Amino acid sequence: MKKYLKKILNPQQYEAAISTEWASLILASAGAWKTRTLTYKIAYITYNWISSSNILAVTFTNKAANEMKERLKEIMENEMQDIKISKDNDEKTVFSDEVVFWEEKWNIEPPLTWEPDFDDILSENNDIDSLLSDYDNTEIDETSYLTPSNEKFNWLWTFHSIFLKILKKDITALNPILNTEFKNNFNIADTADTASVIRQILKKVWVKDTFTPREIKWKISNLKSEWLTAKDFLYQAQDETDEIIGKIYQEYEKELRKQNTLDFDDLLLLPYILFKKDKEILEKWKNKFKYILVDEAQDTNKIQFELIHMLSWSDGNITLIWDDFQSIYGWRWAVIEEFLNAKKYWPWLKIFKLEINYRSKKTIVDAWNALISNNKNQYKKDIKAHNEKESKIKLIKFSSDFVEAEQVISLIKKLHKKWKKWSDFAIIYRTNAQSEPFEKILLTENIPYKIYWWFKFYERKEVKDILSYIKYLINPKDGISLSRIINVPWRKIWKTTVDKLLEQANFEWISLHNLILNIENSNISSGAKKNIQNFVNLIKYIQEKIANVEANKAIEIIVKAIWYEEYLKKEFWEEETKERIANIWQLMNTAIQFKETGHIWLRKFIDEISLFTDLEENMEETPDQIQLMTWHGSKWLEFDTVFLVWLEENVFPLSRARLNPKELEEERRLAYVWITRAKNNLFLTHAESRRQFWQLQYNQPSRFIEEIPMELITSFNSSIANKPNFNFQAWDKVKHKIFGLWEVMEVFSDKVIVRFYWWGIKQMMWRMLEKIN
């Protein structure tokens with residue numbers, strides 16, 4: 001077996017795979033085939049007659065677990081047939097002609113890769129829906145040793161799936177510890193169930209207007225990840241708010257226990273309490289798992305780390321494989337400090353390094369090596385590129401964000417026409433709001449694209465909410481928009497009330513708008529009438545305020561008048577709230593080009609948006625699409641050509657990170673992740689000026705650009721290198737793909753001012769226009 005692994009793995013991977021006598025920490029870089037190494041290590045352990053029922057292997061997502069099981073099955077059923085072992089255990093290996101040695105495999109793709117679904121990521125955080133469909137109750141013979149080709153690997157799963165299986169066997173042992181009456185047939189509450197329970201509790205304790213179910217669930221999840229029960233939290237409460245949350249948490253626990261039900265976070269908290277309080281059960285599970293392996297260990301949080309530490313033996317039956325350079329989930333409570341001090345937990349720990357990168361060209365590898373070396377709290381790794389080819393990184397400075405979006409797409413078009421597929425290209429940005437200018441040009445040019453793990457800009461809830469307000473304000477007969485906004489934010493105008501009003505309006509052949517203007521004539525409760533009258537008064541107030549302002553100012557007035565930001569803060573978690581607010585700011589940036597005031601220009605703004613959404617809906621579906629994504633969304637993916645955009649201070653790194661060394665290091669690890677996505681070509685772009693928070697801002701280039709050695713970079717200044725090569729003059733007739741025909745009013749270095757017949761005066765890039773003779 002060792003001879004076989006020596007041929008199929010590189011020397012660093014081989015040493016890590018066969019080390020089973022001591023605890024192992026495998027330090028790997030992006031593209032070093034760490035999951036390949038882990039998979040062959042499991043195969044090696046299994047082949048040495050440790051049953052898969054005694055191997056605990058933890059992956060980050062359900063999809064990753066399934067993929068690894070399939071690969072192990074393939075190894076056991078096919079590759080192991082190439083190995084013959086003599087009866088006296090003298091290892092004599094014979095290989096079939098089909099075996100490909102590792103020296104010959106350097107230029108092929110890794111055999112084990114995946115693209116995690118968004119649901120998989122959620123399932124490791126706060127959602128149990130995908131877990132419930134994946135859990136397998138099938139019992140196995142705990143004592144039998146299976147032949148390699150029949151191994152099941154039933155303990156190769158995510159953290160939550162594994163500890164669910166443990167609780168299914170031993171949850172009753174918690175009853176004397178927690179004074180509960182758990183039974184082994186317990187249920188698991190999904191997201192809707194937990195929200196319903198919390199909603200009832202909020203009514204019960206008279207704070208339903210103070211907290212939202214989502215806020216409370218997030219807080220409880222946070223506390224459970226820190227292994228705090230309601231009793232523990234109440235004991236250390238610092239103020240009245242903590243006491244209220246603690247009592248809600250306590251009632252929440254009581255209600256779930258009464259129903260013999262757990263939530264998703266209980267799947268980790270309860271095993272932790274069980275192992276902590278019942279040493280006999282802990283010893284049983286420690287003795288069961290002869291070997292433990294954890295993939296993507298850098299993404300584990302505090303309680304996950306502690307559970308693995310509890311189950312392992314200090315002298316070494318554990319392998320942790322991780323890339324500390326890719327620890328980018330500090331916002332999700334992932335811990336890096338414990339792994340940096342891993343020898344404190346496993347004194348005999350042996351460290352292995354996988355330092356050959358099989359993904360990227362040498363220039364790109366050298367760039368991320370130089371960048372990440374500026375972090376202090378990490379293990380030292382010297383990554384070498386297997387691909388010795390060099391292709392300098394392109395750094396491009398643009399005059400504005402509009403020019404950046406237009407020219408990035410223009411460059412992609414040229415590369416695509418020459419020798420690439422659309423799917424070879426990725427545009428990566430810091431936050432979801434930054435996709436909008438690129439999306440608009442892609443739609444105009446009819447270029448297929450995909451937003452990874454998020455909605456396209458005009459499909460996002462907050463964008464649709466604000467646009468619905470504008471649509472209703474300029475067209476009160478728009479019943480669809482009115483139905484959407486009448487209880488957004490919450491005004492206690494519930495769906496049942498709206499349904500009654502719609503039924504009455506249909507019966508009387510009048511619009512919903514006309515009915516609510518005369519709400520006293522409706523057949524709903526007096527409380528509902530009062531709430532609707534307040535809404536009508538609010539709409540009248542907004543109409544007065546926006547009558548003589550520009551479109552972007554009108555959006556600002558709407559957002560403030562309806563307290564929309566406050567609504568988002570109550571509805572969503574902190575990080576998601578920031579993303580959604582940023583999308584509203586980007587919508588304001590889009591509206592800036594409409595300089596005239598009054599309802600007619602709001603209508604033109606809405607009409608233009610409708611054009612783009614119509615183009616979006618009618619775009620033909622194809623697997624060959626440009627990929628757009630955020631930094632976090634890019635992990636696990638790789639592309640031939642990557643464009644990293646918006647690389648400026650206060651954007652990346654974020655302004656708050658500049659004064660916090662720990663946050664700045666995480667931002668730098670993010671930069672490392674997105675550089676490692678590129679295989680052959682890497683473009684870095686920044687703009688001299690950019691519309692942010694509906695204001696024009698001038699940010700310096702990101703410090704991360706300066707941390708890449710300049711000999712690896714070729715720099716371009718678009719304002720110099722891309723002088724307009726057109727001959728537009730004032731009053732020329734021009735044609736635009738969407739807005740049609742009209743005439744040029746004024747010409748600048750990189751843009752023109754055009755007056756269209758219906759769309760009015762617009763500022764746009766000159767490449768978007770065709771001159772009509």
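Mentor: Two residues are in contact when their heavy atoms lie within 4.5 Å.

Trainee: Among contacts between residues at least 6 apart in sequence, what percentage join residues at least 24 apart?

Mentor: The share is 76% of those contacts. The chain has 773 residues, of which 58% count as buried. Its secondary structure comprises 31 helices and 23 strands.

Trainee: Where does pLDDT stay under 50?

Mentor: The general idea comes first. Where pLDDT is low, the predicted coordinates should not be read in detail. In this chain the average pLDDT is 80, and 78% of the residues score at least 70. Residues 84–150 form one stretch that stays under 50, and the model has 135 contacts beyond four places in sequence for this stretch. Residues 720–725 also stay under 50, with eight such contacts.

Trainee: Which residues of H10 are buried, and what covers them?

Mentor: Helix H10, residues 213–225, has 13 residues and reaches 18 Å from its first C-alpha to its last, close to the expected 18 Å. Its buried residues are Pro213, Ile216, Lys217, Ile220, Ser221, Asn222, Leu223, Lys224 and Ser225. The cover over them includes helices H9 (191–204), H11 (230–235), H12, H13 and H15 (302–311). Just after H10, Trp227 takes a positive phi of about 50°.

Trainee: Is Glu253 buried or exposed?

Mentor: The cut-off for buried is under 20% relative accessible area. At 15% relative accessibility, Glu253 therefore counts as buried. Glu253 belongs to helix H12, residues 240–258. Beyond its neighbours within four places in sequence, Glu253 is in contact with Thr229 and Ala230.

Trainee: How does Glu337 count at 35% relative accessibility?

Mentor: Glu337 counts as partly exposed at that value. This residue lies in helix H16, residues 337–340. Glu337 and Asp324 are 13 residues apart in sequence, with their C-alpha atoms 9.9 Å apart in space.

Trainee: Which residues touch the most other members of the largest nonpolar core?

Mentor: The general idea is that, in soluble globular proteins, nonpolar side chains tend to be buried together. The largest nonpolar core here has 100 residues, and Leu5, Leu56, Phe163, Phe275 and Trp346 touch the most other members. Helix H13, residues 266–277, gives this core its largest share, eight residues. A second, separate core has 53 residues, including Tyr469, Tyr472, Ile555 and Phe605. To return to Leu56, its contacts beyond four places in sequence include Trp155, Phe289, Ile308 and Leu311.

Trainee: How many aromatic pairs are there, and how are the rings of Trp22 and Trp348 arranged?

Mentor: Ring pairs are read from the distance between centres and the angle between planes. The count comes to 17 aromatic pairs. For Trp22 and Trp348 the centres are 6.1 Å apart and the planes stand at 40°, so the pair is tilted. This pair links distant parts of the chain, 326 residues apart: Trp22 is in the loop between helix H2 (11–18) and strand E1 (24–28), and Trp348 is in the loop between H16 and strand E8 (350–354). Trp22 counts as partly exposed at 39% relative accessibility, whereas Trp348 counts as exposed at 55%.

Trainee: How are the rings of Trp285 and Phe289 arranged?

Mentor: Trp285 and Phe289 are stacked, with 5.8 Å between centres and 25° between planes. Trp285 counts as buried at 3% relative accessibility, and Phe289 counts as buried at 0%. Ring pairs link Trp155 with Trp285 and Phe289 into a cluster.

Trainee: Which charged residues lie over the rings of Trp155 and Phe572?

Mentor: Lys165 lies over the face of Trp155, 5.0 Å from the ring centre. Over the ring of Phe572 sits the charged end of Arg580, 4.0 Å from the centre.

Methods. Residues are numbered from 1 along each chain as its sequence is written. Side-chain values use heavy atoms; hydrogens and water are left out. Helices (H or I, at least four residues) and strands (E, at least two) are DSSP runs, numbered from the N terminus. Buried means under 20% relative accessible area, exposed over 50%, partly exposed in between (1.4 Å probe, protein chains only). pLDDT is the predictor's confidence in each residue, from 0 to 100. Rings of Phe, Tyr and Trp (its six-membered ring) pair if their centres lie within 6.5 Å; planes under 30 degrees apart count as stacked, over 60 as edge-to-face and the rest as tilted. A charge sits over a ring if NZ of Lys or CZ of Arg is within 6 Å of the ring centre and within 35 degrees of the ring normal. A nonpolar core is a set of buried Ala, Val, Leu, Ile, Met, Phe, Trp, Tyr and Cys residues joined through side-chain atoms within 4.5 Å. The expected span of a helix is 1.5 Å times one less than its number of residues.
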